[in-house]
Amino acid sequence: MQVSPVNENLVVMSDGNRPWWERYQPISYNITTRSGNKAQFKDMVRRCNQKGVRVYVDVVLNHMSGDMRNAHGTAGSTADPVNKNYPAVPYDSQHFHTSCGIQDYQDANQVRNCELVGLHDLDQSSTYVRQKLVDFLNALVDCGVAGFRVDAVKHMSPSDLGPIYDAVKNLSSVHGFKDGVRPFIYQEVIDLEEMVCEIEITGVAAEMVCEIEIIGVAAEMVCETESTGLAAEMVYETESTGVAAEMVCEI
């Protein structure tokens, strides 16, 4: 089962509603969203694992939020995105690439180092940033998840992602996984026939939409609705109440 991002995101109001895409604007790595808190998430994962239903988390490693004044998150954290200041991590401007927009999708440097639709682009070559991302992924492993769907992969360098993936701990035997089992990682790569999709992304599966060479494993097919997080979001919001998880995980 794939669930939407579980880390704290920017609270966005749009015409009186909370849009689905706010979940893809991280403000910290605290495991609290409008779906529930860390304790509720761990309880859902535990019950799913007991019934043989493995949980995969959609993770956002490429960026933090876009600009917003008086920004606050789903766990109550505040931030100053305009100045790339996210004290709940903490990140500041030194942990991001220089702001620029992607003008040419044939330019791999722009695709990887400029901002995707104004979302502040993390510098994954930074040892500090890598460790923060690894710590977050390891916290999810400790919660009992089986792996990750990695958002916006073509906007990060494979040479940066490799060390991050390698540093994630093995799955937890406490949650029923065999010793030495690695997290299963599959990646979102939207193929617009640009240069980045013509290069090799190694070691993990690519999700549905990119016609590139995948080395060593098969491509994972995930429907488009699920890749936006909408389907998983609806399930997880109900599951975190403690009701739907019984229904989903006992079938």
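Colleague: Which residues does His72 touch, not counting residues up to four places away in sequence?
Modeller: Touching here is contact, meaning heavy atoms within 4.5 Å. Leaving out anything up to four places away in sequence, His72 touches Asn9, Leu10, Val11, Ile27, Ser77 and Thr78.

Colleague: What kind of model is this, and how are residues numbered?
Modeller: Residues are numbered from 1 along each chain as its sequence is written, and side-chain values use heavy atoms, with hydrogens and water left out. Local features need pLDDT of at least 70, side-chain atom pairs count only at pLDDT 80 or more, and totals for chains, interfaces and linings use all residues, since the model is predicted.

Colleague: Is His72 buried, partly exposed or exposed?
Modeller: His72 sits in strand S3, residues 71-72. Buried means under 20% relative accessible area, exposed over 50%, and partly exposed in between (1.4 Å probe, protein chains only). His72 has 39% relative accessibility, so it counts as partly exposed.

Colleague: How many helices and strands does the protein chain have?
Modeller: Both are DSSP runs numbered from the N terminus: helices are H or I with at least four residues, strands E with at least two. By that count, the protein chain has seven helices and nine strands.

Colleague: What share of the residues in the protein chain is buried?
Modeller: The protein chain has 251 residues. The buried part of them comes to 51%.

Colleague: How far does H3 reach from its first C-alpha to its last?
Modeller: H3 covers residues 127-143, which is 17 residues. The expected span is 1.5 Å times one less than the number of residues. H3 is close to its expected 24 Å, with a reach of 24 Å.

Colleague: What do the buried residues of H3 pack against?
Modeller: Those buried residues include Val129, Leu133, Phe136 and Leu140. The buried residues of H3 pack against helix H1 (38-50), strand S2 (56-59), strand S5 (147-150) and helix H4 (158-167).

Colleague: Are H3 and H4 roughly parallel, roughly perpendicular or oblique to each other?
Modeller: The two pack at about 40°, with their axes 9 Å apart; axes are lines fitted to C-alpha atoms, for helices over the stretch in contact, and angles run from 0 to 180 degrees between N-to-C directions. Angles under 35 degrees count as roughly parallel, over 145 as roughly antiparallel, 65 to 115 as roughly perpendicular and the rest as oblique. H3 and H4 are therefore oblique.

Colleague: Which residues in H4 do Arg130, Leu133, Val134, Leu137 and Asn138 in H3 meet?
Modeller: Those five names are the H3 side of the meeting. On the H4 side, they meet Ser159, Asp160, Pro163, Ile164 and Ala167.

Colleague: Is the peptide bond from Val89 to Pro90 cis or trans?
Modeller: Pro90 lies in the loop between strand S4 (78-79) and helix H2 (108-113). Most peptide bonds are trans. From Val89 to Pro90, omega is near -5°, and the bond is cis.

Colleague: Is Lys84 buried or exposed?
Modeller: Lys84 lies in the loop between S4 and H2 and has a positive phi of about 55° although it is not a glycine. At 10% relative accessibility, Lys84 counts as buried.

Colleague: And Asn70, is that one buried or exposed?
Modeller: Asn70 is in the loop between S2 and S3, and its phi is positive too, near 55°. With a relative accessible area of 74%, Asn70 is exposed.
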